[in-house]
Each structure stands twice: as structure tokens, then as C-alpha cells.
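Take a look at the sequence and the 3D structure below.

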Amino acid sequence: MVQARGSSQPDLADLEPEHLALLARCQRPMSAADLSAALDLPLGVIRILLGDLRDRGLVDIDQPRPERVRNIRLLREVADGLRRL
Amino acid sequence: MDYDGSDRVAAPVAVKILVAGGFGAGKTTLVGSLTEIQPLRTEEDLSDAGTLVDELAGVEGKQTTTVAMDFGRIAIHSGLWVYLFGMPGQQRFWFMWDDLSSGTLGAVVLADTRRLADCFPAIDYFERRDTPFIVALNCFHGRRFPDLDEVRRALGIEARVPIVSCDAREGRSCRDALVVLVEHAIDALTASAGGRY
């Protein structure tokens, strides 16, 4: 999951249009996969662009955490939620 | 949704489920049946992308191939999302599997009864990594199944691994398969925790 940091005076000079498009789309939390679909760019490209944005301190990236899928309560919530669909 | 004390919206918890299986087993269809967003279509015309390399015996009607991957999303509620990732079946994309499977809840291995052996690599992969998985026999084109026990023997999978039948085109049928997978993951966790939960 990715989210823009929202600094007041971000230095956006020499960013590519794709960087700016990514920044605009992750003002709210977004997954890299969603960004890939929204911008119609391969996931590998999105990850490189997001890496650039993170290096400049413009976004926070939350990596998948294995401990989440070892949380039985969370898994039960997923199973119950799926059944309600 | 959690509130982290600032005016930022807390990120939803994202859980990842993989959809694996051989080429032409119906992975893209299954992801498309379940997702609420426009699935990322990575299928290309076979004539353009892979005719020379993709083995078509048994799936001659297949006009497209997934050139990279596809994914979909299901919102359980505003703070919990399930992401579905199709793992490309062709051998030339196996290098992506490690990346896709990191932090995953588990996998649905879609099997096509016409080409059962095509899902061996995926089954082998998840067994080795100790990733919870189920086998879902895709009954598309109105095909009837052989006995599920027969399939279990043919695939050589353990009794604790669930096998279900599903229709990848039907959202409800795919949803049921996901529920079986999540329950299986819970059982596996409970067993490994020695009944602590």
C-alpha cells in the first residue's frame, strides 16, 4: 500500500509525468496493483517509479507483512466477509 | 478503519491471495469473476504474443494469453481488502512467482481436467514453500468431472489439501472456493500452533 506524504512544498522539479500521475493517485492509500491498472503500466515499472518517489520522501510504502496472514482473527474476518458477498 | 492521529486516512489492511494453475486453466476468468474493479487485462492476442512458445494442445480455442499477470480486488469492508493475483502459468514467467507469493495468505490452484498435469509445478511450488493452497477444478465448457478422489490420486496431493470444483465464470462459485482456501489456511495455522488458538 502506498500513500503520498503530503508535504506542503514538495520539490516536483524533474519528476516525470508518470511520477506526478502516481502522486496524484496516492493521496489516499492505494495498492501498487491498483496504480498499475489505473496508469496502465506494468507493475514492475510502477515499483521503480514508486521507489523514486520514496527516495525523495514523497510517499510512504507499506510492504506486505507475513505476520498478518498468521493472524487467525484477521483470517476469520476475511472468511466471514467473503461469505457475505 | 484505524485512525492514526493525523488527518491522513489509515491504509486498509490488504490480504493477498494467489490464483495459480497451468496455461489456459481459467485464472484470468476467475479473477475477473470476483473483482469489483476493472481487472488489469494483460492478455494479448496469442498470434502476437506467444503462439510459438505456448503449448495449446487441449485449449486450441484460446485466443489470448496473459503476458504478465492480472489482479483483482474485493473490499471486505473499508478497512480490509483482499487482492487476487493471477500467477502466470507459463514456465517463462516462473521467475515472478517468488515475488508474488511473498506475504500471501494462500493460493487457489486452478486445474483443467483436460490438462491436469499442467498444475503440477504450482502444487509443487506451494508444497515446498509451505503455503496453504487448495485445488479448484474448473468445470468450464460444461465438462463433467471425474471423481474428486481420482483427481486427488492423480495429482498426488495429501488428504488435508481440499479439492473443490468450481466454475471460473461464476462469481459465487469462485467466492466459495476462496472461503474454502481461507478456512484451510486457518486450519493450517491452528494445527501449527498446536491448538493454542
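## Terms and model

Helices and strands here are DSSP runs, numbered from the N terminus. A helix has at least four residues, and a strand has at least two. Keep in mind that this is a predicted model.

## A loop residue in chain B

Asp130(B) sits in a loop of chain B. Helix H4 (120-129) lies on one side of that loop, and strand E7 (133-138) lies on the other. Asp130(B) is not a glycine, yet its phi is positive, at about 60 degrees.

Is Asp130(B) buried or exposed? Its relative accessible area is 66%, so Asp130(B) is exposed. The cut-off for exposed is over 50%.

## A loop residue in chain A

Now turn to Asp40(A). This residue belongs to the loop between helix H2 (32-39) and helix H3 (43-55) of chain A. Its phi is positive too, at about 55 degrees, although Asp40(A) is not a glycine.

Asp40(A) has a relative accessibility of 62%. It therefore counts as exposed.

## The cavity

How many cavities of 30 Å³ or more are there? The count comes to one. The largest cavity holds about 40 Å³ of space.

Which residues line the largest cavity? Gly22(B), Phe23(B), Gly24(B) and Ala25(B) are among them. By type, the lining has five nonpolar, two polar and three charged residues.

Methods:
Residues numbered from 1 in each chain as written. Chains lettered and ligands numbered in written order. Predicted model: local features only at pLDDT ≥ 70, side-chain atom pairs only at ≥ 80, totals over all residues. Heavy atoms only, no water. 1 Å grid on protein atoms, 1.4 Å probe; cavity = no way out; pocket = protein on both sides within 12 Å on 5 of 7 lines; lining within 4 Å. Points joined across faces, edges and corners; volume = space filled by probe spheres on them. Nonpolar A, V, L, I, M, F, W, Y, C, P; charged D, E, K, R; others polar. Buried < 20%, exposed > 50% of the residue type's maximum accessible area, 1.4 Å probe, protein only.
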